[in-house]
Amino acid sequence: MTSVTTPVDRAAARGIMFYCALAVFAQESMWTFYDTQVPPLLREHVGSAAVVGLLMGMDNFLGIFVQPWMGNRSDNTRTRWGRRMPYIAVVMPASALLFLLIPLAWSFASLVVVMFLFGLVGNSFKPVVESLMPDFVEPERRSRGNAAVKIASGLTTVTTAVISVLLVDDHPALAFVIPSGIAFLVLAVLVWRVRDNRSRAYRAALVEDAADVAKADAAKGVRMREVVMGVFRDVDRSRLLLLVSVLLFGGAYAASRALMTPYAMESVGLSRGDAGGLTLPAGVAFLIAAYPAALLAERIGRLRVMAIGMAVFAAAMVLGTVVQTSVATMVALGLAGVGASGFIINAAVVLWNLAPSVRVIGTYTGLYTVTWQLGGLVGPTVVGGMVDVTGWRFMLLDAGLLAALAVVAVLRIQVLARRRTSDIGKVL
């Protein structure tokens, strides 16, 4: 998976880190605002919290099917614009227009329809945008690019908070215009500056296509089913173990956030408002640690940084369990945010670098995202069930147990990586 890169390639890679981060910022600005401001709209029509939660989870359910399929479809696309930009140019403005319609829905039924359409189109957009960066950036430097992307995604929380404070109460419909306007502005920049057909991975994919044709095996693209089955059939098991670690740590991370408010109320004795603010240190710590985690991974190895990061996360959960005060909990969550950055910044990069071909990077992006989302769905449920048995006092410890299991999976991948004779071990 390593390749020789020219100065032109490196210059394009540095530029694409910024443009991809910009695209993800636009994408996640809509999604973050959606998650915070659509529930109140639903509450105007329905009183059941369960129904609100079910409808808010609709986009995650759609993403399980749409994201890998769309990533695979873009992998198999060949145009003079490349394989990602044609979809971005169409789907990004479509999602922005649907986003504008959300506060204008005149009935419960129309709101649900618009939410469904936005979830469908928005999920189609995500894997395509997030695959741009590994298309341009060589495997050795992808952690830096992914750090830039994750920082941009994290900053959308600040953007959403500012929009909410300034506009939502007095001009709720206008508030939705801001994230949508950001998307249109970023789209103009992407269409103007990004030429996907010049990316390192796209050129390599064309070479592989030509080789297939030369062997009288007409290039029909790689089917998603073949990609997924390849993960399960591979005797090395590294890719499967990595996805297992993503599922486990995604569950631990989601549980530590989703169950924090009731935990702090039950075990630390905080009010609902104070408990809700406990995750702020973790968010700030993650943003600060993201880029250093990428640089450290390039020096000592991504798998090692992932394992260390998850171990720090698990240790932080133990600390929060042993000392249950508001200050200790904030410190523990801050350490957990630092640890989480080691995994989150590098896990997708390792999966891209383990891909058998540059022709399936988009599909692998979809597989990573879906597995992380499944962890987000399953983790709080599993940890919640453990809380029913052990009590709220041990909630953080229960989440730390999932992280510890993920460490075991990553350590096993390290063992397998040492046995490799190819250069792939150098980018893990």
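This is a predicted model: local features need pLDDT of at least 70, side-chain atom pairs count only at pLDDT 80 or more; totals for chains, interfaces and linings use all residues.
User: Which residue lies over the face of Trp192, and how do you know from its distance to the ring centre?

Analyst: That's Arg193, at 5.2 Å from the ring centre of Trp192. The rule asks for NZ of Lys or CZ of Arg within 6 Å of the ring centre and within 35 degrees of the ring normal, so 5.2 Å passes on distance. The charged end of Arg393 is another one: it sits over the ring of Phe394, 5.7 Å from its centre. Numbering runs from 1 along each chain as its sequence is written, and side-chain values use heavy atoms, with hydrogens and water left out.

User: What makes Phe249 and Phe313 a pair, and of which kind?

Analyst: A search of the whole structure finds 14 aromatic pairs. For Phe249 and Phe313, the ring centres are 5.0 Å apart and the planes are at 75°, so the pair is edge-to-face. Rings of Phe, Tyr and Trp (its six-membered ring) pair if their centres lie within 6.5 Å; planes under 30 degrees apart are stacked, over 60 edge-to-face, and the rest tilted. Phe249 lies in helix 10 and Phe313 in helix 14 (residues 302-322), so the pair ties together parts 64 residues apart in sequence. Elsewhere, Trp31, Phe33, Tyr34, Phe99, Phe118 and Phe176 form one aromatic cluster.

User: Buried or exposed: what is Phe249 called, and why?

Analyst: Buried, because its relative accessibility is 0%. The cut-offs are under 20% relative accessible area for buried, over 50% for exposed, and partly exposed in between (1.4 Å probe, protein chains only). Phe313, at 1%, is buried too. So is Leu98, at 13%, which sits in helix 4 (residues 85-101). Leu174 has 42%, so it's partly exposed; its place is helix 7 (residues 172-193). Over the 428 residues of the chain, 53% count as buried.

User: What makes the largest cavity a cavity, and what is its volume?

Analyst: On a 1 Å grid over the protein atoms alone, a cavity is a set of points where a 1.4 Å probe fits but cannot get out. Its volume is the space filled by probe spheres set on the points, which are joined across faces, edges and corners. The largest has about 60 Å³, and the structure holds one cavity of 30 Å³ or more. Lining residues need an atom within 4 Å of a point; among them are Tyr253, Arg257 and Phe313. Helix 10 (238-258) and helix 15 (326-354) each supply at least two residues of that lining.

User: Why is Arg237 worth a look for its phi?

Analyst: Arg237 has a positive phi of about 70° although it is not a glycine. Most residues other than glycine have a negative phi. Arg237 lies in the loop between helix 9 (224-233) and helix 10, and with 37% relative accessible area it is partly exposed.

Technical notes: On a 1 Å grid over the protein atoms alone, a cavity is a set of points where a 1.4 Å probe fits but cannot get out, and a pocket is an open set with protein on both sides within 12 Å along at least five of seven lines; lining residues have an atom within 4 Å of a point. Helices (H or I, at least four residues) and strands (E, at least two) are DSSP runs, numbered from the N terminus.
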